[in-house]
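Colleague: I would like to go through this structure with you, beginning with the ligands. Could you show it to me?

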Amino acid sequence: MAEHILLHHRDIPGLDQMDVYEKDGGWATYKRAVTEMTPQAVVDVVKAAGLRGRGGAGFPTGVKWGFLPKDVFPRYMVVNADESEPGTFKDREIMEGNPHLFLEGTAISTYAIQSNVAYIYIRGEYLSTARILQQAIDEAYAKGYLGKNLFGTQYSLDMYIHLGAGAYICGEETALLNSLEGLRGQPRLKPPFPAAVGLYSKPTIINNVETLANVRPIVERGAEWYKTLGTEKSPGVKIFCLSGNIKRPGNYELPLGTPIRYLIEELGGGTYDGTAVKAILPAGASAPMIPASAMDTRMDYEAMVTAGSTLGSASFIILGEHDSVPAAALKMVRFFKHESCGKCTPCREGTYWAQKVLERINDGTGVVPDVELVETIANQIAGKCFCPLGEFATSPMIYTIKHFRSEFEAQVQGSRPRRNWREAVPQRLEPTLAMREL
Amino acid sequence: MLSETSRLLLTERLKNYPPDRKASAVIYACYLAQEDNPDHYISQQDVRDIADLLDMDATEVQGVIGFYSLLYEQPMGKYVIHYCNDLPCTLRGADQFLHVLEHKLGISHGETTPDGLFTLEEAMCLGACHRAPCMQINLEFQEFLTDDKVDRIIDMLRAGEPLRANMADAVQLLPQSPLA
Ligand SMILES: Cc1cc2nc3c(=O)[nH]c(=O)nc-3n(C[C@H](O)[C@H](O)[C@H](O)COP(=O)(O)O)c2cc1C
Ligand code: SF4
Ligand code: FES
């Protein structure tokens with residue numbers, strides 16, 4: 001692709017600086033929106049562009065904005081910068097490398113929903129990222145892009161960063177709202193949806209960082225231009241995070257609908273150990289694992305579902321021929337056990353037991369029926385949970401076994417060389433590949 | 001006890017939220033208390049202070065602290081190391097490398113060095129999987145870890161040098177498949 005849209009800082013050095021960003025046309029679209037466009041006109045452009053939420057669910061952004069009840073104020077914009085899905089590091093690069101694009105998109109969007117306050121909820125581990133953002137926000141205030149009566153209009157806008165403290169569940173939008181209100185970050189019952197009753201019981205729109213980073217380009221260049229990228233139902237570009245057994249891990253900005261093979265083979269360079277790709281996790285730990293035979297699937301919201309998974313946050317974790325699927329399943333279940341908020345029993349206890357059983361399977365003390373036991377536990381969690389995290393947790397229990405049952409059985413029967421990889425001898429690892437980006 | 005500076009910072013921070021929504025600043029207040037305390041944790045006195053300052057019940061504050069993994073109820077080392085061995089990092093050698101770190105520090109994960117300088121904890125994905133192995137020391141990223149780099153970082157901190165992000169040169173690892 002010629003020029004990056006979201007990762008434009010890779011094309012223009014210093015784009016994280018206000019003056020460079022302004023020279024590149026930055027903040028002008030926001031000024032034009034506030035002074036020349038009605039909020040509804042902005043909503044209409046985003047709706048027409050078909051932008052879909054990049055936080056995981058892929059819900060059309062303009063449509064979501066349209067759910068706000070008329071004439072109820074104040075309203076809030078809340079940015080979801082909690083990015084904690086294993087294998088996801090795209091929002092971090094946007095916020096660190098191209099902070100003004102993200103902030104301008106947030107500003108335009110907050111104007112569009114007729115709100116005067118945007119909270120950016122960022123995970124505690126991104127403290128250094130938050131510092132970069134705060135500096136960019138300070139510059140935006142100094143330049144008169146944020147504050148009171150902007151550009152001589154009636155419109156005022158404040159932006160605040162709110163640091164989380166280490167909890168994956170706070171990425172779930174209602175848990176995030178509870179956390180922002182000073183409560184434990186546990187999910188709320190839906191409905192009511194946040195658009196009706198959200199932060200401080202006011203109408204609230206919650207959007208992902210990457211979603212909002214798309215807004216300036218869309219408003220600047222128009223919905224028709226945006227729709228020339230990607231597919232009909234999944235328009236635009238997306239950042240794909242590539243990690244695991246891959247030669248060149250990193251973020252790749254591509255049009256939606258690009259085949260997985262292109263990402264893994266052309267851009268990622270294949271596995272680093274030269275083995276064939278065995279399995280792909282297309283959305284971190286949360287979505288079903290797919291076998292390498294799905295490599296020609298197009299990476300858009302529809303095609304990934306047809307292939308038996310979801311696009312989610314587009315965090316592609318790659319496993320090579322020699323990477324143990326049972327070991328990977330254990331890691332993922334351990335993640336969900338650690339991150340279960342404890343509110344409901346099936347999720348809290350189910351992840352606990354599944355981890356125990358998977359540990360047995362992996363360390364060679366298991367028996368063949370243990371494999372089925374993991375599936376049984378998953379079935380007892382599925383459909384019985386308060387929030388989607390419980391459902392997510394069943395993916396690594398069900399689909400790893402579905403596609404690689406014989407590997408699990410070989411592992412318990414000991415026909416696969418048992419290696420307790422927690423205690424493997426540390427080897428001296430050779431530094432080779434140079435840093436690619438950032 | 002929250003320091004005077006922290007109280008001022010907290011008062012300033014409360015302006016970000018509606019006046020009757022002081023509880024929104026509870027995580028921030030906890031971070032401040034933790035930084036003020038030489039042992040890096042939130043004491044019972046802090047809990048009561050924070051509750052008073054934010055119009056909350058002490059039990060609510062306690063509940064919040066118990067919920068989040070970056071808020072500590074027990075004394076911690078001066079440098080809290082969160083080492084990532086979640087799946088993507090593990091696929092790049094993180095589990096093996098954990099032993100390098102444990103060996104260097106002379107402790108296992110979940111422990112604090114006898115001199116009170118380092119606490120080592122396992123962490124879930126930190127958002128740096130493309131720069132594995134990685135860790136955070138007091139929330140500053142240390143990425144592309146190698147044996148040498150870990151040696152240098154730990155030695156620098158032991159020698160009393162100030163903590164910075166990515167304290168040694170960046171080099172990326174290309175391990176043999178560690179899950180093989
Ligand atoms: C357990 C869980 C974790 C989530 N984590 C995140 C996250 O880290 N970042 C994010 O943007 N969305 C996350 N989401 C999705 C949000 O709930 C929400 O759908 C999203 O922020 C909406 O923004 P979008 O429409 O722009 O995608 C998570 C959802 C669940 C159920
Ligand atoms: S499903 Fe899990 S994370 Fe979600 S509310 Fe229940 S216990 Fe909490
Ligand atoms: S898995 Fe280690 S940073 Fe993501």
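Colleague: Which residues come nearest to ligand 1?

Modeller: Please keep in mind that this is a predicted model. Of the 19 residues around ligand 1, the nearest are A:G55, A:K64, A:N207, A:N208 and A:T211.

Colleague: What kinds of residues make up the shell around ligand 1?

Modeller: The shell contains five nonpolar, eight polar and six charged residues.

Colleague: How far is the side chain of A:N208 from an oxygen atom of ligand 1?

Modeller: An N or O atom in the side chain of A:N208 is 2.7 Å from an oxygen atom of ligand 1. The protein covers 90% of the 620 Å² of accessible area that ligand 1 has on its own. A:N80 also places a polar side-chain atom 2.9 Å from an oxygen atom of the ligand. With A:E173, a backbone N or O atom lies 3.1 Å from an oxygen atom of ligand 1.

Colleague: Why does ligand 1 lie between domain 1 and domain 3 of chain A?

Modeller: Ligand 1 lies between them because domain 1 (8-227) and domain 3 (325-432) both give residues to its shell.

Colleague: What space does ligand 1 take?

Modeller: Ligand 1 takes the space of the largest pocket. The elements giving two or more residues to its shell are β4 (204-208) and α17 (388-413) of chain A.

Colleague: Turning to ligand 2, how many residues surround it, and which are the closest?

Modeller: Ligand 2 is surrounded by 13 residues, the closest being A:C341, A:K343, A:C344, A:C347 and A:C387. Its shell divides into nine nonpolar residues, three polar and one charged.

Colleague: And what space does ligand 2 take?

Modeller: Ligand 2 takes the space of the largest cavity.

How values were computed. Residues are numbered from 1 along each chain as its sequence is written. Chains are lettered from A and ligands numbered from 1 in the order in which they are written. This is a predicted model: local features need pLDDT of at least 70, side-chain atom pairs count only at pLDDT 80 or more; totals for chains, interfaces and linings use all residues. Side-chain values use heavy atoms; hydrogens and water are left out. A residue is near a molecule or strand if one of its heavy atoms lies within 4 Å of it. A polar contact is a pair of N or O atoms within 3.5 Å; within protein, one must be able to donate a hydrogen and the other to accept it, and residues adjacent in sequence count only if both atoms are side-chain atoms. Accessible areas come from the Shrake-Rupley method with a 1.4 Å probe; for residues, only the protein chains shown count as cover. On a 1 Å grid over the protein atoms alone, a cavity is a set of points where a 1.4 Å probe fits but cannot get out, and a pocket is an open set with protein on both sides within 12 Å along at least five of seven lines; lining residues have an atom within 4 Å of a point. A molecule sits in a cavity or pocket if more than half of its atoms lie within 2 Å of its grid points. Helices (H or I, at least four residues) and strands (E, at least two) are DSSP runs, numbered from the N terminus. Ala, Val, Leu, Ile, Met, Phe, Trp, Tyr, Cys and Pro count as nonpolar, Asp, Glu, Lys and Arg as charged, and the others, Gly among them, as polar. Domain bounds come from an automatic or database domain assignment.
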